[in-house]
Amino acid sequence: MSQQEHVLPVPTAPAARQRTWGIRPLAPWQWSSLSIGSLLLLWWALSASGLVPALFLPSPAAVLTKLQSLVVQGYMEATLQQHLLASLQRMLLALLAAVGIGVPLGILIGVFPLLRHWLDPIIEFYRPLPPLAYLPLIVIWFGIGEVSKVLLIFLAILAPVLIATTHGVASVHSIRQQAALSLGASRGQLLRHVILPGALPDILTGIRIGLGAGWSTLVAAELIAATRGLGFMIQSAAQFLGTDIVVLGIIAIALVAFVLELGLRRLQRVLTPWHGKAL
Amino acid sequence: MSLLQVDKLTVHYPGQPLPALQQVSLGLSPDELLVALGPSGCGKSTLLNVLAGFIAPTHGTVQFDGKPVSGPGAERAVVFQNDGLLPWLDVAGNVAFGLKLQGVPAAQRAAIVADTLQQVGLADAGGKRVWELSGGMRQRVGIARALASQSRVLLMDEPFGALDAFTREQMQQLLLNVWQRSQRGVFLITHDIEEALFLATSLVLMSPGPGRIVQYLRPTFSQRFLAGESVRAIKSDPEFITLREELLASLTRTQHEEAA
């Protein structure tokens, strides 16, 4: 037996790769494309077969035609681009305000923990509320103008930014702070050179989550007497059973959210390349 | 003459039955490499933290250059076991950090950084990211950072405790060479008997429960290394081994006394 074993050829080691159980390995993006493709195919099959009336689900071709007319002629006195721009402007304003208030406030809370006990109940009170619940109150207090719309989105972004910043400041390694102090850092230098950069990965994560929350509040915000915006476009089309425009609006909102997310992930990699590295 | 002087220092943490340090007195002069050796719980970390200014004494005084220590300061740079480097700065940026805080002009900073990196054997690593470095290299950067800042003493908190044996021995030799050139007092804490004997020009043996100094020694092995003797020859010298065993016996005895 043992002699025979010597004669046996040494099995050549296959190139190291994960087991795929016979499924041809696909790149992640290929899987994702396949998933989107099959969804489109299902959509096409459902509408082409006539199983679902066009009123409920317009065909992909009809939606494409509508897209063209939306871009060229527009809907409700504004083109798709103008609706998109109106929504993005609201988002940007709300984001700037949320970062401008949330980050400094988060740092203050992180540095002075007493402040946290005071602000925590307020934040935790409003954070889980659905924006539609306090929307009427905002309209009563701030009217039906642009302020109310931006305010609603701002509130949605503020909570995650504030919480992430507070957490980021609190989790800056105390050894790094001690090292800076023993090299002669003043309180201001410590904040600028150690605490802020140390909290940056968390702050960026907070902004990412906040943008997602803000964008999903958009439709609610544009319920308030808007004349432009993707959310407004969807709602007014729904009142006239313009299902094709509703579908287009949904796709546009999803695409923008996807691009924002990718952009922020990119930003995070560029600004905080050390994030997630063992240190 | 002592640059850093500790007199009858007692540190008692609230809620603890025994003081972490009781009536500890010692001095560090500018040409000295003072090592505090002891098991965990002997108060050596507390002592270092008091010298650094991170912890205030309960009783007793700590003076630097005749003035009481009231907090962390640039004249007493600390080298940590877990380096505490800033990952958003590259290696050169980390080494320059102390100088930048003190407002040293960029050109002067660059010259000091280049010279210091050379001293710790990282002449070509200035542009590297700190997370690309091995543990030993990170510790070199930590030492370079403390050296480059215009500190007058270095406080080293078990600086080689997390390194493998081979790298640790390399770093011990590097430290002796750097110390000889820098003309700065070094206070180093460790629980490694060989390391303490090899590095120290003055050695205090500490014991727990309450933390105190139980023995003073003046080993000469670091001078022999700097005079050209090899590290292996020194560490296998019967005199070195005898002292090592005596210290070990002494440590074991105090641990037994504490247990009893």
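Me: In this predicted model, two strands pair if DSSP finds at least two bridges between them; what makes strands β1 and β4 of chain B a pair?

Reply: Strand β1 (residues 4-11) and strand β4 (residues 59-64) of chain B are joined over five bridges in the antiparallel sense, and since at least two bridges are required, they count as paired. Within this pairing, B:Thr10 stands opposite B:His59 in β4(B).

Me: Why are β2 and β5 of chain B said to stand at the edges of the sheet?

Reply: The open sheet of chain B has four strands in the order β2-β1-β4-β5, with antiparallel pairing. Strands β2 (21-28) and β5 (67-68) of chain B each have a single partner strand, so one side of each is left without a neighbour in the sheet.

Me: Which strands of chain B does helix α1 touch as it packs on the sheet?

Reply: Helix α1 (residues 44-52) of chain B touches β1, β2 and β4 of chain B, and its direction makes about 125° with that of β1(B).

Me: Why is A:Thr166 called buried?

Reply: A:Thr166 has a relative accessible area of 6%, and because buried means under 20%, the word applies to A:Thr166. This residue lies in helix α7 (residues 146-170) of chain A, and, leaving aside neighbours within four places in sequence, A:Thr166 is in contact with A:Gly106, A:Ile109, A:Gly110 and A:Arg116.

Me: How do you know that the side chain of A:Thr166 makes a polar contact with A:Leu162?

Reply: A polar atom of the A:Thr166 side chain lies 2.7 Å from the backbone oxygen of A:Leu162, and the distance cut-off for a polar contact is within 3.5 Å, so the pair meets that cut-off.

Technical notes: Residues are numbered from 1 along each chain as its sequence is written. Chains are lettered from A and ligands numbered from 1 in the order in which they are written. This is a predicted model: local features need pLDDT of at least 70, side-chain atom pairs count only at pLDDT 80 or more; totals for chains, interfaces and linings use all residues. Side-chain values use heavy atoms; hydrogens and water are left out. Helices (H or I, at least four residues) and strands (E, at least two) are DSSP runs, numbered from the N terminus. Contact means heavy atoms within 4.5 Å. Axes are lines fitted to C-alpha atoms, for helices over the stretch in contact, and angles run from 0 to 180 degrees between N-to-C directions. Buried means under 20% relative accessible area, exposed over 50%, partly exposed in between (1.4 Å probe, protein chains only). A polar contact is a pair of N or O atoms within 3.5 Å; within protein, one must be able to donate a hydrogen and the other to accept it, and residues adjacent in sequence count only if both atoms are side-chain atoms.
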